[in-house]
Amino acid sequence: MANAGKEFENQIRDSIKQRDIYYLRLEDPPQSFSQDSTLLRFSNKNPYDFIMFQFPFMFAIENKSKSIDSFSFSMNKKEKGKDIKPHQIVGLYNAYMQNVFSGFLFNFREREETYFVHIHDFLEFVKNTNKKSINIKDIRGIDSIVIPQRKKKVKYDYDIFTLIEFCKEKFDYYKNIQNQCFIPIVEK
């Protein structure tokens with residue numbers, strides 16, 4: 001059986017595909033499956049989990065799911081073990097700078113709540129805090145959107161059109177503030 005994070009990803013995928021929206025899951029590198037990474041000459045790090053397209057908008061999304069109410073992050077490439085990694089932040093930022101809607105889907109399993117946070121808003125949060133994590137209260141306090149979810153029997157169905165509509169309404173806003181977005185990744 002898949003772990004809870006993978007199960008969330010699968011449910012998001014199924015919610016997208018059943019609505020005839022293009023979906024492309026980026027394949028995980030071998031080290032993410034606990035294979036012996038010493039046998040690898042190099043390894044890719046995915047910039048995000050998947051790409052979604054509904055004309056005329058493209059989306060780059062990183063899924064995050066936890067039973068607790070916060071996600072740790074690091075802006076330091078040398079710091080390990082964080083929920084949100086610098087290469088994911090950079091990947092979403094780079095996509096955003098090419099006019100792709102980019103951000104995180106934060107799933108709080110115990111609360112049965114899921115939020116979308118645009119990468120620009122996440123970076124603004126990082127810029128204005130000394131914290132090393134983002135919690136549900138922080139997410140509710142920034143320009144996030146709740147993604148409605150309906151529990152079938154065991155699995156959830158997510159209203160992806162809510163995300164798409166939110167992004168369509170905000171396209172001009174995010175386009176106009178692109179030049180204000182910066183990425184504070186530290187090489188230590």
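Phe50 stands opposite Ile61, a residue of strand 3, in a predicted model where local features need pLDDT of at least 70, side-chain atom pairs count only at pLDDT 80 or more, and totals for chains, interfaces and linings use all residues. Residues are numbered from 1 along each chain as its sequence is written, and side-chain values use heavy atoms, with hydrogens and water left out.

The strands named here are DSSP runs of E with at least two residues, numbered from the N terminus, while helices would be runs of H or I with at least four. Two strands are said to pair if DSSP finds at least two bridges between them. Strand 2, residues 50-54, runs antiparallel to strand 3 and is joined to strand 3 by five bridges, and a hairpin of two residues connects strand 2 to strand 3. Strand 3 also pairs with strand 5, in the parallel sense and over eight bridges, and in this pairing Lys64 stands opposite Phe106 of strand 5.

How many of the ten residues of strand 3 are buried? Eight of them are, so that strand 3 is mostly covered, where buried means under 20% relative accessible area, exposed means over 50%, and partly exposed lies in between, computed with a 1.4 Å probe on protein chains only.

Side chains of opposite charge can pair when their charged atoms come close. A salt bridge is counted when a side-chain nitrogen of Lys or Arg lies within 4 Å of a carboxyl oxygen of Asp or Glu, and by this rule the model has 17 salt bridges. Three of them are set out below.

| Salt bridge | N to O distance |
|---|---|
| Asp69 and Arg111 | 2.7 Å |
| Lys82 and Glu79 | 3.5 Å |
| Lys151 and Glu112 | 3.9 Å |

In the salt bridge between Asp69 and Arg111, the pair links distant parts of the chain, since Asp69 belongs to the loop between strand 3 (57-66) and strand 4 (70-72), whereas Arg111 belongs to the loop between strand 5 (101-108) and strand 6 (113-118), 42 residues apart. Asp69 is partly exposed at a relative accessible area of 25%, and Arg111 is partly exposed at 38%.

The salt bridge between Lys151 and Glu112 ties together parts that are 39 residues apart in sequence, because Lys151 lies in strand 9 (residues 149-151) and Glu112 in the loop between strand 5 and strand 6. Lys151 is partly exposed, with 45% relative accessibility, and Glu112 is partly exposed, with 41%.
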